[in-house]
Amino acid sequence: MSLPQLSPELLDQRPDLLPNHQNLLALPEKIIQFGTGVLLRGLPDYFVNKANQQGIFNGRIVVVKSTNSGGTDAFATQQNVFSHSIRGIEDGNQVDKLVINSAISRTISANIHWAEILECAHNPELKIVISNTTEVGIQLTDDDIFATPPASYPGKLTAYLYERFKAFNGSAASGMVIVPTELIVNSGQKLRDIVLEQAKRHNLDETFNQWLEEHNHFCSSLVDRIVPGKPDAETVALISGQQGYKDDLLIVSEVYRLWAIEGSEHVKSVLSFAEADNGVVIEPNIDLYRELKLRLLNGTHTLACGLCFLNGLDTVRESMENPETASFIADLMLTELAPAIPYDVDAARAQEFGNQVLDRFRNPFIRHQLVDITVQYTAKMRMRNIPTLLSHYKKSDQAPALFAEGFAAFLKFMKPVVHKDGAYYGDRDGQPYSIRCDAAPYFDEMWKTAASPLDLAEKVLADVSLWDTDLTQLPGFLDAVKSHMAEAAAMDTLRIVPGADAPKIDVD
């Protein structure tokens, strides 16, 4: 017998799943969120939902889908209700619980219903903006904020804020608290500067700029929770069987959670959901939280994911169960990255945090796909790891051997052998993998024109436009990378022209 689909109607039939669900589903909208990804649903939306269930925040989230990929059908079918499986170890105790999240009120496509999104700006209770558009999402582009919709996230945000400014005549009370969760240093300041520049380029009223600066709070933040992509079929089947319903929006996460937000007492009062969980930290300065997470957890992920994947492993957990890759990950994090964090971090604190991260990587309940970590691989390498590499050379003239090995694996992973229908694919033992990185066309051209893998390494490392510095000038680093490039595949690997069938690698 087929299982029923999770929805408010099912909650009516099974009030045990979410007591008081009718009141929770009737709460007013207080947040607009740009992004539908699992990280947002597993962390910010988790905190909002928890606060609602405690009667603290009492507000729901309008979610804006701002990309062309994927769809909103599952959200519509389930009326935005979804399950969150939380599994792992906390304070030495095993945790395995499931939460029904009812915090999302609507999911709106920016490309189809932009006017509906702008209408949200007229809601006086809606005072919070959250976003996660990946590291490449917060960029200044030649955007038209009067388009329907603007192309970039900062363009959309500028249009939204201008609509709100007009709706409330620039009143102080209409100002917003804007919290980007993209993993970018000083993300709030950067987003604020882009919005102000967009306003300048579009010749918007000077009083709008004044309202932006005086009454809106752009808060840098740091999110830290492992929330893998879509759970595997085995996990879905197990949880569905246990709960007695289907959920196409199911997410799985570890227990650990941290959302550090840089903000004032006013920000703290607006983000009142923070009172529900000590995983939300609102402080005037969050640099320490950011540097530890960015350089150790994310930096290790980025340097290890390609190496482990190309060695036949599929998940972080498998990588930690393999003695060789587990040793590589631990030594990379604790002996090369931790001492080189480009911030004044106590060495004992860095080691303690690193060991906590290794325990999280070993979580037996989480299947974090390595290939998902490679999304926007190049931008992640530049933002997460290059500052640490440069900091290393301020303290040592010896090349970091494990860093170089991970970097070489990145270069190998970024070798497309199939280009079909606008997408790029690499080859692992005759099987395709998707290269989901904006730099894929660049690497496709570089691999095509390079005389050898060693030549490729030298040209890419020297590309200042890619790394904001010439990495070949770092003593011994190029040679260390080259030593790991020597066994790279021959340059005559099969290549498929756009639109052609793939006789060797099936990418359908």
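Predicted model: local features only at pLDDT ≥ 70, side-chain atom pairs only at ≥ 80, totals over all residues.
User: How many of the residues of helix α4 (residues 44-53) are buried?

Analyst: A residue counts as buried when its relative accessible area is under 20%. In helix α4, 8 of the 10 residues are buried, and the helix is mostly covered. Those residues are Pro44, Asp45, Tyr46, Phe47, Val48, Asn49, Ala51 and Asn52. Just after α4, Gly55 takes a positive phi of about 70°.

User: Which residues of β2 lie on one side of the strand, and which on the other?

Analyst: Arg60, Val62 and Val64 lie on one side, and Ile61, Val63 and Lys65 on the other; all are buried, which leaves both faces of β2 covered.

User: In which sense do β1 and β2 run, and how many bridges join them?

Analyst: Strand β1 (residues 29-34) and β2 run parallel and are joined by 5 bridges. Within this pairing, Ile31 stands opposite Ile61. Strand β5 (residues 104-109) also pairs with β2 in the parallel sense, over 5 bridges.

User: Which residues touch the most other members of the largest nonpolar core?

Analyst: In that core of 73 residues, they are Phe361, Phe407, Leu411, Phe477 and Val481. Apart from neighbours within four places in sequence, Val481 is in contact with Ala404, Phe407, Ala408, Leu411, Ala457 and Leu461. There is also a second, separate core of 37 residues, whose members include Ala121, Leu196, Trp211 and Leu212.

User: How should I read a pair of aromatic rings?

Analyst: Such a pair is described by the distance of the centres and the angle of the planes. The count of aromatic pairs here comes to 22. In one of them, the ring centres of Tyr162 and Phe165 are 6.3 Å apart and the planes are at 15°, so the pair is stacked. Both residues are in helix α7 (residues 153-167), where being 3 residues apart separates them by about one helical turn. Tyr162 is buried at a relative accessible area of 16%, and Phe165 is buried at 11%.

User: What is the arrangement of the rings of Phe309 and Phe413?

Analyst: Phe309 and Phe413 are edge-to-face, at 5.7 Å centre to centre and with 70° between the planes. Because Phe309 lies in helix α12 (residues 287-310) and Phe413 in helix α18 (residues 401-413), the pair ties together parts that are 104 residues apart in sequence. Phe309 is buried, with a relative accessibility of 7%, and Phe413 is buried at 0%. Both belong to one aromatic cluster, whose members include Tyr377, Phe407, Tyr433, Trp467 and Phe477.

User: Which charged residue sits over the ring of Phe309?

Analyst: The charged end of Arg428 does so, 4.1 Å from the ring centre. Elsewhere, Lys30 lies over the face of Phe57, at 5.2 Å from the centre of that ring.

User: Where is Asn216 found, and is it buried or exposed?

Analyst: Asn216 is found in the loop between α9 (206-215) and β8 (217-218). Asn216 is buried, with a relative accessibility of 6%. A polar atom of its side chain lies 2.8 Å from the backbone nitrogen of Met176. Leaving aside neighbours within four places in sequence, the contacts of Asn216 are Leu161, Gly175, Met176, Ile178 and Trp211.

User: What should I expect of phi and of the peptide bond?

Analyst: Most residues other than glycine have a negative phi, and most peptide bonds are trans. In this model, a cis peptide bond joins Thr148 and Pro149, with omega of about 10°. Pro149 lies in the loop between β6 (128-131) and α7.

As for phi, Asn80 has a positive value of about 75° although it is not a glycine. Asn80 lies in the loop between α5 (73-77) and β3 (82-90). Asn203, likewise not a glycine, has a positive phi of about 55°, and it lies in the loop between α8 (187-201) and α9.

User: Which of these two, Asn80 or Asn203, is buried and which is exposed?

Analyst: Asn80 is buried, with a relative accessible area of 7%, whereas Asn203 is exposed, at 69%.

Technical notes
Residues numbered from 1 in each chain as written. Heavy atoms only, no water. Core = buried A, V, L, I, M, F, W, Y, C linked by side-chain atoms within 4.5 Å. Buried < 20%, exposed > 50% of the residue type's maximum accessible area, 1.4 Å probe, protein only. Contact = heavy atoms within 4.5 Å. Phe/Tyr/Trp six-rings, centres within 6.5 Å; stacked < 30°, edge-to-face > 60°. Helix = DSSP H or I, 4+ residues; strand = E, 2+ residues; numbered from the N terminus. Lys NZ or Arg CZ within 6 Å of the ring centre and 35° of its normal. Polar contact = N/O pair within 3.5 Å; in protein donor to acceptor, adjacent residues only side chain to side chain. Pairing = 2+ DSSP bridges.
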